[in-house]
Each structure stands twice: as structure tokens, then as C-alpha cells.
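Colleague: Before we go through the strands and helices, could you walk me through this model step by step?

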Amino acid sequence: MAWWNPLALIWDNLRGQRIRENDLRHLASNLPYEGLAKKKQPNRYLPGNAIKTTKYTLLLFLPMNLFEQFHRLANLYFVGLAILNFVPVVNAFEPEVALIPICVILSLTALKDAWEDFRRYQSDRKLNNMVCFIYSRKHKQFVERRWKDVRVGDFVKALCNEIISADLLLLHTSDRNGVCHIESSNLDGETNLKERKVVPGLCVTEPDFQPESFNSVVVCERPNNNLNHFKCYVEKPTKEKVGAGIESLLLRGCTVRNTDHAVGFVVYAGHETKAMLNNNGPRYKRSKLERKLNVDVIFCVILLLAMCLVGALGHFFWRQALPGVPPYLVPDNNGHVDSPSLSSFYMFFSMIILLQVLIPISLYVSIELVKIGQILFITHDIDLYDEETDSRIQCKALNITEDLGQIEYIFSDKTGTLTENKMVFRRCSIMGTEYPHKENAIRLAVIDEPESEEEVIFNQQPQPPQPVWSLDAEDRSHEGRQRRHESRHKNKFAENAQSNVAFSSPLETQVIPDRKLLQQVSNVESRSSSQKMDPCLDFFLALAICNTVVVSMATARRQSTQEHPCSFQSTNPLDNFSNFFKKASSLRNIFASKRDRTFSETSFKEDDRFTTFQKVDDSGVFTSRGRSDESSSMCYEAESPDEAALVYAAKAYGFILLSRTPNSVTVRLPLGQILAFEVLDILSFDSNRKRMSVLVRHPITKECVLYTKGADYSIMELLGAPYAEHLSGNQKNIVADTQYHLDCYAKEGLRTLCFAKKVVSAKDYDVWFVNRQSAMAAIDGREELIMDTAVQLETNLTLLGATGIEDRLQESVPDTILALREAGIKMWVLTGDKPETAVNIGYACRLLEDEDLVINMSCKNKLVCTSILDCTLEEVRSYENDPRNVDTTPDISLVIDGRTLAMLLSKDLQGRFVELAKRCRSVLCCRVTPLQKRGVVKLIREKLRVMTLAVGDGANDVNMIQAADIGIGISGQEGMQAVMASDFAISRFKHLKKLLLVHGHWCYTRLANMIIYFFFKNLANVNLLFWYQFYCGFTATAMLDYWLLIFFNLFFTSVPPIMFGIMDKDVSAEVLLGVPELYRTGQGAGAYQDSDVDVFTFGTPLNAVSLITILLHLSIEIQAWTVVHWIIMLGSVAVSLILTLLYTSCVTCNSHWTLQNQLKDPIFYLICIITTVVALLPRYMFHVMRNSISPSPIVQARHLDGLDASTKEAWIKEWRGFRGGEEVKRSELCTPPSPTTSRTPTSPDSLGNEITLRSFKI
């Protein structure tokens, strides 16, 4: 059958679809088939590497865009009315006029969509035409091609600082150890280097790698969007299977670093790459106000139908009452006149056409414009800019800004959100002996003093002649201090340069050793015979090697992209990925700054001989030939701040991590000996085991040693019971003492880790290794099998010690939490730390107060958990039902651990847990998993039907952020995954205060009042048309020209509401921050005679009165007048007047010269003035009476704004002092004194009639 045969094409397409949907894919090299037709290519059914993110094509843009816009029911409604107006028997006015509003709306939307799609097209074209290198069998070398030319099965070569074009299975690198370092900031925002290894046993790591020698088959899983997992194995011609995972996969969009070149086999291309599968675009969320708006529109439709029904019935009765057929009813060609019933039926539809403006067609467009303006003001707020990170707030969800003013619950992570995520080594316990590191604590206590000697020590450079572990390291001469003091600015510059690397600020890297421990290390090192067995050395070796830290040198630092001829040449590399990855704009600056980083020569010294060692014997012990200051040229690239802090702590005691390869890790001991450990395997950290292990072969003893670190409970349980009752003698005491030290660390708010060791026999290792290889080569259940092999080895460990690491609170966190709580927002903190650590931080950040009733729920079984929950609920209910406790609420805080939380989230306890939680002022959940975080947020949001906000900084917070109504990511040190999954991104937790209390309040009040005004404006206009029907026999006749009727809503009254929604301020930012209780106003439900003149002479003053009344009504609502307000308000009147004069001057219009004649008549002005005053007087009197008798908190705060700055500040301080620091629901401020009042209040009793403070309920 011919290839062009239609049946053959259908069959081929079906076969290709089956291959693409298979769970496993078998991929072969394209080289043997190079130059052959497409039908002979082995991977022809898999997509190419070209990407297309555009939605439209040039030919199909119009129909596709209209189809998309007609998904909005409002557009369908108005198009239907426009079509209905073309029916002669029901048309209310000229059919062409009815098309104008909907055509304008559809055209503006289409232009916006076309511009966005054109920008996507430009980005796609630039990305598809980027240069890469593909191996050609014809040319016997790698040749230059475009990204769009890459296919699955090709061999692609990526050079240093180049962006990877497709997902590649790593086969060869220029590194002799088969290692390639990549930076994945394009995907997850993490700037630290990640290590990738070639698939073992496939290709010889020689300089001249020949892809033509690759004759194996790559079997991999179907494409998915999981960036952290990849299942694959390579089947050799001998049927031997070699397993590979994510550690051998180079992802599209990552950048090659510190590696001259890498060669990979393309497994996924184009839209099937993991990067593109994660490119889902921005999430669409509907705000709470928008949902209410849709309900209001439905009521407007019901009202419209009712008015039309009244008009139809009125026309019927009017026709019935006529004695005969009136002369203005024109019969048809047959001389027949419609009966009253049929005429009223037609009139029903004519009334719908006439009164259609009751449904606000321009409201949705106006709301979008207002939200864009609000976001513009938010992003340009200088108070939300962080100078340290040079970043500002990012608004990525354009349609939920008003939800910021209605938040009732905040769920927050702790580490990196409330704290700085800068881990500082503070204390350690080794074999039951605690070392407090008092000298280091003193340095940290005074580190912020600008001229202190400790800062000089903090900023000092390593001294080459002196070992870092010397006891005399703290003794410095006066001259040396002075010289270093004079170079402080130079050192600060060096620190900033070094801090470009993640977790490498001087606060984290500098550790002053404990004198007692340093002396013990020195004594142990001097006795060479004891270094094999001493646990102190094992402890520091575990700190140095039990991690995934990458060591890079000054000579191998990250180079600027522009330095390589084949690198990406854009000034801002992320511009080419903006539409590809849908990143926020500030990520571009972060990416550019990270790629263009340079390191100061004062911080790093190049040493080409650093990696040159002279081997002493065959035991694996080396001595260094490099200079004594060689360690100063090292840079540690860690994936987490904990790992970096531990490596730098080991370095402070002389245990320096020198290099790491896939097969070895090299550590220098304090006396200069260098141990090269053979790495047998790495048991990576996972959230189930809560630990990681490194299996190495000791270079001296040749034993297989397993070093393990992890959370205290995950390590202690491997020793037996919590205090290891099965142990005896000294071992039992060591475990008990260490557990006591861990509890003390946790009470001080330190993060704790335990370290353990195990010597594995050769026989056990051989058996385990077989199981491990089988698990690595598996496809189904690979993760579970790998974890099982890890658990199998991590048993019967010997405890070495524990560490305490400090993570400091961010600036102004306590003040922010207190202000949010006063605003009526309940705070929940969800953390993975142990309860003691979390409670300590809770008190430090004022989440918990000393006067709070703290309920600790830590249960081992569900029966006890249920009993405690029921008893606690009963106590709270009895307190509320006590008549003596009217208008008071107990300050209850709840502390729950992860195991108890899992029980409380079960269906039978959910209701009681929520009932207790809503009565608590704050809740602290410890030892929780990411899925539990998501479950808690979802439970509270759905059960209590409240507005929730989640804030976090790491990948473990993504589930929680996406489950909340509003997700906020903090751009911290753990990458940008939380930021990319969020709706808003900030750099500091303190920014949450102004974002919610000020911008959230403004956005909500502006938009809510604008929507109400929109309905009022349309209803006022429609009422004029409706009431006129009583004078024209309900014949759907307008007393105004049709064009002016259309212009009224489309031009005359469209801009003022938009201006009102963007710029109005009911209260100043200063008062909103000083009186957080004002935020509560947005929570919950939160904040509508006969005449002989001709019809157009009657309708023209009505239109003028309507316009003036509507604009003056808006003027009453505006609180902050600016020049822009005056220009737009007066401009709207001027535009209306000028256009009407120009239009009525046309001879062909129905209302020719009507307005010109009206302007000559004094009666016209009298009607406009009297009617406007009468229409607005009730509204004005209502405002006066309400603000005088029972002013709202907003009105009172507005009076406070009228005072001068010093008096205003004094009143706010007096009010807060009068509260006594206690939480109140709302405070009422009556009219403050005149702004000219100079007296400053001294006590609440002296306020008199000037200002009255009293508490009242919402």
C-alpha cells in the first residue's frame, strides 16, 4: 500500500498514537538511519523539538477568537439582542446602532488577544532558532543546528554555560569522573549547582567520544511533569540492563556549569520535555467579589425580564383601552394590524432590546482595567521593595487583588518564611558530651554592631601561615585589627560577591570553634593510633561527607555566558523563556544576576595546584603539595542551608571537604592528612525516611562504613526505643544524654540533627548491592524498591552525636503577626520542625503569648486523641455559655504534632477539630508533611467557608499555596518553586502587613464601590427609559436619540468609574497601618407630568440630569480628590456636551439642534439644578445622619486623617495605649478635634469630646 494512501495514513496515525501513549518507550539511535526517508526513522512517531505556544493562526484567528469570546455568556447575550434587533417586528431602534457596543467590546478584546499571541509567536521563533550541536554520521562530528531540528534519538553536545535544548540522557562529559554540573534556575529558580552523572557502564569517558559506537536501546517511561523523578534503563546488545534515574537526566532549560561539554541522548523533545509539561501557564482564579457579581447580574436579568413583562402587559391593556385603531399603527401589505395580544408579545422583545443596558456590558472590561491599575500601584510601592535582594513584589494573578482585603485565615510555613533560612551552627553533642560554643554565640550576639571587634573577626580573611583549627586563632595584634578595619568596605564587597552562591554569606560560613572541643580534636589527632576508632573524628567526618555538597574552585567558577562563542547572547536570558516557562518578570533579573556573577579576588584565590596531591601509600592517604591557603579558593554549592552550615562547621575544626565525585569524596584532616573515601552508594533524603546516608569505603581500614544523618526521631528509632532500652551500659547513657541535649536545643529554638554510623560487613554489602542494582534497574515501583533497600541497610546504627543549628527570625515578624491578628486574621503556622523548636519560635514571633491558654495535643492513638478533643471542646463551650463571660473570648492557642494531626484530619474527627480550631486565636502544627499542609488549608477553607491565604518559600509549600484562595511565595534561599506556584511573590514576611492591611483594603473597597456604582448608573438610566413608557403606551420608544443613548454608557459615563476604582482612597496608609482593626470591614459579607414638548426636547434634559446626578453621586463617594479626579469628572461632562452639540448639529439626525435650543432656555438650567438636588438629597442626608450618629470605623479613621501628622501620631499611640495591648474586635473613634488643635492627649480621661474610644462588636 502506498505511503500517500489515506488508509495508510490513518493506520500510521493510530499506530503513532498507541506508541506515544504506551507506558514504556523503546528508543533507538537515529545515526544508522541518517539521510533516509521519514517513514524509515525509528522514532518518527515521537514529536520534534520545535515548540508552539501560540493559540491562533493568521487565517483562523478571527473565528477562533470569536469562538473563545462567546464562551462568556454576557457576550452571547448582547450578540443575541443585536441580532434580535434586526427582526422588523421587534426592533426598538436602528439595527446598526445595536451592534456598536458589542462590536467595540469584541474588537478591543480581540486586539489584546492578538498582541499577546504575537508576542508568544516571537518568543517561540527565537527559542526554536537557538543554536545547538547535533552529531552527524555523514560529517563524523557534531555540527551546528537549530533547536527545532533536534529529534528523539539524536546525540546532542552541550557546551559550558549553554542552555540544554531537550531532555538528554547523559552519556559522556569532559570530566574524567563522568560528572556534569547544571544550574536549574530556569525551571525551579534554584541557583545552586546540581550534579549529574553519566549512565554507568555504557561509554568510556575518553576525550574522543564516538556516538556511532552506541548500539543500545533506551527504555524510558512516558513523559510526565515530575522534575524530581525519572525512570529509565538502557538495554545493551547482550540484554544486560543498566538502570538510570533523574541523576543522569539533563533537563531542557537548564544551564551547563563548570563542565567543558556534555553529550546526551535525546529522550524527550519539544512539548514532551519536563520543562514544557510544567508550563501550564498562569492559573485562573475567580475572586469572591466576582462570584458575588455573577449572582447580582442574574438578579439584574430577572429585574429586566420583570420590567419587560410589565411593559408587554401595559402595552396590551393600552391597546385594549383604545376605541379604535390609532392612525400611527401602520398595517402590513394586506392591511392587517396585529392584535393586542400579538403586539404585546412582540413588545416584550422590543422592551428587552430597549432596556438591555441594565446588564452592564462594559462592567467586566472596566473591572479588568481597574485591576491592572491596582496591580500597577502595588508593584511600584517602594515599601514593598527589598533592597538586599533587589526585588519587588510580583503580582501574577491579575484577577484576585480584591481578595487581599477579605482574608480571615493565614497559613504560614516557618523555615524561610518567618525565619531567614540562614542556618548558623550553634552547638553540638558528641557521644553524650555537650559543647556550647560560647565564643561563637558571642560573635552572633554582636554581629549587627557596626564597629565591634567581633565584626572585624567576622570579616577577617583566612591567614595563610596559621591553621584554621589552632587554639590561638582568636588572638590578633592591634595592628592586624586596624589593618582589617581599614579594609572593611573591601571585605564587604567580597562578602557580597561570595553571597551570590546559595547559603554562603559570612553569617553562615564563619564558625568560631569551641575551645574544649578544639583541644579534644587536637589531642586525638596527635595520637595517630586512635584516629581509626575515635568517635570524635567519625562525627566530624560525618559532617563533612554525609551530604551532597558540590565543591567548586575559583579556577572553575561560573563564567559569564557571553564569554563562550556558542552561548546564549541575550542580555537577559530569561526573556527568551518568558512565554516558554511563564515566569514572573522579576525572575529575569534574578537569572541574569546569577549568571553574570563574579567572585572577588579577596574572597577566592586561584590555585591551580589545589587538586594536585602526592600519594604516600596505597592506603588512600595523601599529603597535599598545594599552598597552605588553598582552602580559601573553595566554594561550597549546597542544596540546603543545613548541609552548608554543617560542612562549614567541620571546616572550622580542620575537617575540610576538598572534592566530591560520583565515586569518591576527599577530606583533609586537621594535621594535613588527606583521606580519599570511595563512595559506594548514596541513600538520598526522602520525606518518608527523614534522613540520608552515605556508604563509603574507609581508605585506611578498608571497611564499608555507613554515615547517616537525619531528624532526631528518625535516627533514634533505628537505635531501638526512644532511649534505646535494648542498649546497655555506657551506650545507653550516651543515647539518653544526647536525647536530653536534643530537647534542650529544641527548647532554645534550634533545628536539630542526629548523626550515626554503621560498619557493614563485606558479605552483607554484597547481598545488599545485588538488591540495590535490581531496584535501580526497575521501572514499576522503582521509588518504593529503592527506599526499601535504603531501609534495609539503615539498621542497628551507632549514635555519634547531634547538632543544633539556629535559624533567625526575619525582621519585623513579631510586629507583622501582631498587626494581622489585630486585623481579625487568625494565624496558623505549619512546620516540619519538632514541637519544642516550633513552640520556641512561636513565642519569639508572638504567635503564642505568655497569657495564652496553650493546648498541646500529642497523642499516640486515636482513642486518646478523641477523648482530649472532646474534653477541650466541652471546656471551651462551657466558658462561652457562662453569663459572666459575655463579650469576652478566651485567648486559646493550639499546638499539634503531625501524628495527631493525621488523626484529626480523619472524617469522623474533622468536624470537632474545625469547631475547636475556629475558637483558637492561633494554631501551631509541627512535624507536618506537605500533603498535611494542603489538607489543613483545604479543610478550613471548605468547612468554615472563609477566605484563606497561604505563604511559604520552598517546594514543600507548593501544595499548601495552591490549595488556598490566595497563595503567596517568598523568594528565599530554597529556590523559586513557591514563587512560581503563587499568586503574589514577596521577598520578606513583613511585606505581608502592608500588602493586606493597606493595598488589600484599598483594592476591595475601590472595586466593591465601583461595581455598586456601575449598577446604580445603569439602573438610573434604564429607569428613565422605563418610566417614559407610561407616557408612550409602552411602545418601546426612547425619548432620546439612539446614538446618544449608546454613547451614554459607552463614552460619557465609562471613564469616571474606572478612575474611581483605581485611585480612590477612603483612609490613608498611615492610619490603616496604625489601626489594623479597620481591615475587618472587608471580612465576611464586607462592604443600590404631561408636557406638550416633543420627545427629544423632553429627553435631552433628562439625559443631562441623569449624567450630572450620576457623576455627583460618584463625587459623594470619592474620598481623596486629586487633579486627575477633577480632570476626568469635568472632562466627562465636557465630552458629553461637545459630542451632543456636534451630533445634534447634523441635519440628518432626529434631534437636530435640540440641545442648542435648550441651552438658550433658563428653564433647562433650572430643571437640571432642581432635579439633581432632589435626586441626591436623600443620599446626602443619609450619609450625614449615618456619619454623625453612628460613624463607621472607616469614617472615624478618615477624620483622623484630617489631623496634622504629629497630632495624628499622638492619637494613634494614645488609642493603642488605651487598649493595653489586648486584642479587640474593633475600636470606634468619634469625630477628632479640629486639625488646628495643638493639645496632645496625655490620658484617656482627658480626651473629652475630642475623641472617644470604646470597644464594640462587629
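Colleague: In what order do the four strands of the open sheet lie?

Modeller: This is a predicted model, in which local features need pLDDT of at least 70, side-chain atom pairs count only at pLDDT 80 or more, and totals for chains, interfaces and linings use all residues. Residues are numbered from 1 along each chain as its sequence is written, and side-chain values use heavy atoms, with hydrogens and water left out. Strands (E, at least two residues) and helices (H or I, at least four) are DSSP runs numbered from the N terminus, and two strands pair if DSSP finds at least two bridges between them. The pairing in this open sheet is antiparallel, and the order is β1-β8-β9-β10.

Colleague: Which are the edge strands?

Modeller: An edge strand here pairs on one side only. The two that do so are β1 (24-27) and β10 (241-244).

Colleague: Which residue in β9 stands opposite Val219?

Modeller: Strand β8 (residues 217-221) pairs with strand β9 (residues 232-235) in the antiparallel sense over four bridges. Opposite Val219 stands Tyr233.

Colleague: How are α3 and α4 oriented to each other, roughly parallel or roughly antiparallel?

Modeller: The axes of helix α3 (residues 73-84) and helix α4 (residues 95-128) come within 9 Å and cross at roughly 150 degrees, where axes are lines fitted to C-alpha atoms, for helices over the stretch in contact, and angles run from 0 to 180 degrees between N-to-C directions. Angles under 35 degrees count as roughly parallel, over 145 as roughly antiparallel, 65 to 115 as roughly perpendicular and the rest as oblique. The two helices α3 and α4 are therefore roughly antiparallel.
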